[in-house]
Amino acid sequence: MKILVAVKRVIDYNVQIRVKEDNTGVVTDNVKMSTNPPDDNAIEEAVKIKEAGKATEVVAVSIGEEKAQETVRKALAVGADRGILVKTDGIIEPLAVSKLLQKIVEKEKPDLVFMGKQAIDDDCNQTGQMLSALLNWPQATFASKIEIKDGKLEVTREIDEGLETIEINVPAIVTCDLRLNEPRYASLPNIMKAKKKPIEQLNASDLGVDITPRIEQIKVEEPPKRKAGIKVSSVAELVQKLKNEAKVI
Amino acid sequence: MSRETMEYDVVIVGGGPSGLATAIRLKQLNSELNICLLEKASEIGAHILSGNVFETRALDELIPGWKELDTPIKTKVTKEKFLFLGKNKSLSWPTWLLPAVQKNHKNYIISLANLCRWLAEQAEALGVEIFPGFPASEILYNDDGSVKGVATQDMGLDKEGIKKDSYEPGIDLIGKVTVFAEGCRGHLGKQLINKFELDKGKDPQQYGIGFKEIWEIDEKNHEEGMVMHTAGWPLDKNTYGGSFIYHAENKQVFLGYVIGLDYKNPHLSPFDEFQRFKTHPAIRKIIEGGKRISYGARALIEGGFQSLPKMFMPGALLVGCDAGTLNMPKIKGSHTAMKSGIIAAETIDEHFKLKKDLSIFEEKFKNSWVYDELYKARNVKPSFSWGLILGIIFTGIDQILFRGRMPFTLKHKHADHETLKPANEMPKIEYPKPDNIITFDKTSSVYLTGTNHADNQPVHLKLKDPNLPISYTLEKFDEPAQRYCPVGVYEVQNENNVQKFVINSQNCIHCKTCDIKEPSQNITWVTPEGGGGPKYGNM
């Protein structure tokens, strides 16, 4: 069994996001970038399955600018066997990513495609689902547990009502939740070895896919600042303020 | 589980200007060398904080053609000002009366973090292996006592030091020579200085704490290339310190404050002095209408010539501010740090090729311009222990008339942890509340540093005696850690009338001030799990 894992390069989750002055996006110059956190879980799960002898190869793929190579390299350092970088410039929407991934899937013919449930930069939560539709493969989203049973997948999903367990046929798409596992650290010797693992570089334009954005971005703004709270001395005062000032009761 | 071992010709600890300069020069001298460079930050530059007005002298020697390359050195200094601040007034000091060391017309306003990122690219292109996110936590020794290399931090230990599922043991990195370039108060450098008595016969080291904020300001207040320094208010005459305001590119201003850690009043809060400083009319008018986009703090070394330890030992060299090569009157240390790295590389090259002992570093250093600079600068900082006015008068005579060649050397008398007076003998200081426009509290500031440490890991700020903060330091000094820490790591909490000392180590920005200033030297800073700490952008 072969597993393809999609990883995205995003602004590190510890960095405070700053909106560009001209409201066209957020500042990314000199900002620490990292792998999208749930994508780390996706890689970890794929590597675990391989270590358990249930998969033969883990391939990491990233779509983005040249520097997304670092993200692929990180995946190689924690156990992926080889990498693919699809180079693009500018904003690339989930539909375009899904179409590019479809091309990669047709080329690589994996049995499973793993990725994070959503990216922490645009919060779209669409790529896995769209890829599933394009390929006409079954999907399991928000996976918090994955088991391979007789060539099928048993996936536990975190949903509002609790935990839902479903069984799907392979080949399939699985999008991963943060609770799926605890990603390992990349050790120094493994980072060294990862430098020698192959990364195939492709240009998005060579894959014959229309990746022009379908959404027009009007502007990006910071959320409004929260006003400081006040202390009230009694319940009566609270009720009075809720009624007359906040006008919520 | 036994640790894996990796062998190199040279292991470099720290990816700042001195470590990167060492790596680049080594590869230029001998491209065959296997060199690895460890950095505790999640990426090169993320733990670098500096003014910075950059003198290019060392870079001119290291990479002579840098001006033709796409470097982050872009903003030439075009204008200079020096202000003495009173509470509401300011007096401009004519620049022709400034000592030569404080003139900056040939220098550039840069982000040192970005310069380090660029230097790291140059080093990697030459074949240096750079590993960010791997703190060197331990020194390894050979049987004969010489330095063998370093071990990296174990990853995946919980609060109690018990292995989690993700446990990943550290690695032994063995170097024929190890270069320590951790910056001011490096935690391994500190151990080496003790073990090899590198500071024998030297004055106690002197430190300062430096704050920096980056502001995006109104176009009409911005003068790209302008460098301004101030002395005086809000500090009293007996506290050493001053500010910098550098107008960088993209309407940004680098605004900072440095306070000598030899201050005496335990009620003093360096953070609040910095915040208060911004409310001075001469400063407020620059940043008013602007927006603060970054914050950070870092200890720096001020001891200079008198306190500079021996920089070589069997198997290892100590470079940059891990030793203390900053030139205080010049308010610059990047060029001297880089030069010390270049000298280290040349020493190691001769050590390998000609079998010379590492002690040849000393002579090379003495014959270099760094030594000359530090020698001439040596009397400035100690003269300020007489107060601001006498310090300025003496510095004028020493630097302008004698050009640093007075026939005597003033001493640094005390280490910084010895200077605090008991709390009940010193005046309490009332600091104004932050307005969240010009001035801010520590909580909103720490948020801007991007600092984080994975939770459930051992506390990396170790107390030798866990009871001392409450039983002694609180009573005698009103526990100054609550105030000298720039991000509020230390708190004294009252729970049911019982006082408790709390360490919020996840907020730590690796400035090392506690390790320096704690009056009983009760706090030791050790490396947390790799990648932890601030995520500075263009600091």
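Predicted model: local features only at pLDDT ≥ 70, side-chain atom pairs only at ≥ 80, totals over all residues.
Q: What percentage of the contacts in chain A with a separation of 6 or more comes from residues 24 or more positions apart?
A: Chain A has 249 residues, and 37% of them count as buried. Take the contacts with a separation of 6 or more: the share from residues 24 or more positions apart is 70%.

Q: How do the residues of the contact of H3(A) with H4(A) divide by class?
A: On the H3(A) side you'll find A:Leu95, A:Leu101 and A:Val105, among others, and they face a set in H4(A) that includes A:Met130 and A:Leu134. Sorted by class, the contact has 9 nonpolar, 3 polar and 1 charged.

Q: What is the handedness of the crossing of H2(A) and H5(A)?
A: Helix H2 (residues 69-77) and helix H5 (residues 188-196) of chain A sit with axes 8 Å apart, at an angle of about 120°. That angle makes H2(A) oblique to H5(A). As for the crossing, it's right-handed.

Q: Which residues in H5(A) meet H2(A)?
A: By class, this contact has 4 nonpolar, 1 polar and 1 charged residues. H2(A) brings A:Arg73, A:Leu76 and A:Ala77, and their partners in H5(A) are A:Asn190, A:Ile191 and A:Ala194.

Q: Which element gives the largest share of the side of domain 2 of chain B that touches domain 3 of chain B?
A: Over in chain B, domain 2 (75-110 + 205-301) and domain 3 (418-525) have centres 24 Å apart. The elements giving two or more residues to the domain 2 side are strand S14 (207-216), helix H5 (270-277), helix H6 (281-287) and strand S18 (291-301). With 7 residues, the largest share comes from S18(B).

Q: How many charged residues are on the side of domain 2 of chain B that touches domain 3 of chain B?
A: In this contact, 28 residues of domain 2 of chain B meet 30 of domain 3 of chain B. The domain 2 side has 13 nonpolar and 7 polar residues, and its charged residues number 8.

Methods:
Residues numbered from 1 in each chain as written. Chains lettered and ligands numbered in written order. Contact = placed C-beta atoms within 7 Å. Helix = DSSP H or I, 4+ residues; strand = E, 2+ residues; numbered from the N terminus. Nonpolar A, V, L, I, M, F, W, Y, C, P; charged D, E, K, R; others polar. Domains from an automatic or database assignment. Buried ≥ 20, exposed ≤ 12 C-beta atoms within 10 Å, placed from the backbone. Axes fitted to C-alpha atoms, helices over the stretch in contact; angles between N-to-C directions. Parallel < 35°, antiparallel > 145°, perpendicular 65-115°, else oblique. Left-handed = near helix turned anticlockwise from the far one by under 90°.
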